[in-house]
Amino acid sequence: MSRIGNHRLLGMLGATVLAVGTVAAAVAPANASASASATHSKTPSNIKNVCATAKPGFDRCFAQARTDVKEPAHIGHAAGLNAAATTLPAGFGPADLHSAYKLPTTGGANQTVAIVDAGDDPTAEADLAVYRSTYGLSACTTANGCFTKVNEQGKTTPVPADQGWGVEIALDLDMVSAACPQCKILLVEADQATGDDLGKSVDTAVSLGATEVSNSYGATESSVTPADAAYYTHPGVAIVASSGDSGYGIPAEPAVFSSVISVGGTSLTKATNARGWTESAWQGAGSGCSAWVDKPSWQTDANCPGRMVSDVSADADPQTGPAIYVTDTPDLEGLPSGWNVVGGTSASSPFIAGVIALAGNPAKYNNASAFYAPGAKAGLNDVVSGNNVTFQDCGGDYQCNAVTGYDGPTGLGTPNGISAF
């Protein structure tokens, strides 16, 4: 594969950005964007990154939690809440998300959605049970065959050490459940958050029969990116990945691979319009033009000669995020055990994987090309406002601004039913 030339340098960041800056970006270490966020962060004060800055060679999860939501003590498993309860947790629940995206309540019973994460969450199944019972969803357990947890090698034991991804794991499980309550769920826990361990876990998920695989993590693309593509290339299985949580800039892998459905993010708000909801681009949603992955033939946006991130999107703003239930929170000072509101494209990726499963056509997604077909347009809500200018600006271009048609932060839009899926 060819490396970047002068024409790609201009296309990547627009005429307003110096080419020399793009060269440096293209060879940045895996933790470059995380390092930048330490000095230029626009993250609101009530938002906490679930995963810490990653060391070189490691990936970081993209979940973000609100620290200002303190749920009443009576909300939780002990209260025996269900969908008819008068007091539900703060944050959007499954009914809200199905309303916003016009999703059917049945479907996907023959689908297995895998989520790949780093380390063990010892309370994953128990926490999932609380989430599902609270919202009136059917039980999804090891005993009834709906839930399976395995290690990187595909075995139930031994489990890896806890890597501090408990909130991320709970978010993934809950968002798949919200989108597709009848789907089976496979949790694959990598030994640690290295690119190889996570990639091998994707291979394991596919070998165990996953029809969709969601990956809510990433590292800034670099010269090693092309070598990692094989882990995320599984024809007949929909591989989905979060676009990131640092706004416009250097894209993240695995979202940048052409075999992956890259999921951006929106801010979702209830409204009095005909839809009942409004959406705008979430400022943290990752987008960018690849310096290392060539442009696929089915992606035709004008100002990026490489692979452009993202393809589609869903709610990801933690300020308008979903409720999740998690008790494995020892590494998150100030985040209570129990109900929390969590977002990031770590929420939108497993949700979109669940929507694909709900529609039941994973073989359509050897790549994201099906979303770019003219016939898919009616099945997507085009998001036309907002931007993801968090650390860098793209000079008013679609790469960082939501516009009519395709744009980087939200891709081609959000689900409008399942006809596009």
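## Lys102 and its loop

Lys102 sits in the loop between H4 and strand S4 (112-118). Helices here are DSSP runs of H or I with at least four residues, strands are runs of E with at least two, and both are numbered from the N terminus. The phi angle of Lys102 is near 50°, a positive value in a residue other than glycine. Lys102 counts as exposed because its relative accessibility is 52%; the cut-offs are under 20% for buried, over 50% for exposed and partly exposed in between (1.4 Å probe, protein chains only).

Keep in mind that this is a predicted model, where local features need pLDDT of at least 70, side-chain atom pairs count only at pLDDT 80 or more, and totals for chains, interfaces and linings use all residues. Residues are numbered from 1 along each chain as its sequence is written, and side-chain values use heavy atoms, with hydrogens and water left out.

## H6 and the helices it meets

The axes of H4 (residues 94-101) and H6 come within 9 Å and cross at roughly 55°. That makes H4 oblique to H6. Axes are lines fitted to C-alpha atoms, for helices over the stretch in contact, with angles from 0 to 180 degrees between N-to-C directions. As for the words, under 35 degrees is roughly parallel, over 145 roughly antiparallel, 65 to 115 roughly perpendicular, and the rest oblique. Pro94, Leu97 and His98 in H4 meet Met175, Ala178 and Ala179 in H6, where meeting means heavy atoms within 4.5 Å.

Now for H5 (residues 124-134): its axis and that of H6 (residues 166-179) come within 10 Å and cross at roughly 40°. So H5 is oblique to H6 too. On the H5 side, the residues in this contact are Ala124, Leu128, Tyr131 and Arg132. Their partners in H6 include Ile169, Leu173 and Asp174.

## Two cis peptide bonds

Thr157 and Pro158 are joined by a cis peptide bond, with omega about -5°. You'll find Pro158 in the loop between strand S5 (147-151) and H6.

Another cis peptide bond joins Glu253 and Pro254, and here omega is about 15°. Pro254 belongs to the loop between strand S10 (252-253) and strand S11 (261-270).

## Arg66, tucked into a strand

Arg66 is part of strand S3 (residues 64-66). With a relative accessible area of 17%, Arg66 is buried. Leaving aside neighbours within four places in sequence, Arg66 is in contact with residues including Asn46, Ile47, Pro318 and Gln319. A polar atom of the Arg66 side chain lies 3.2 Å from the backbone oxygen of Gln319.

Terms used:
A polar contact is a pair of N or O atoms within 3.5 Å; within protein, one must be able to donate a hydrogen and the other to accept it, and residues adjacent in sequence count only if both atoms are side-chain atoms.
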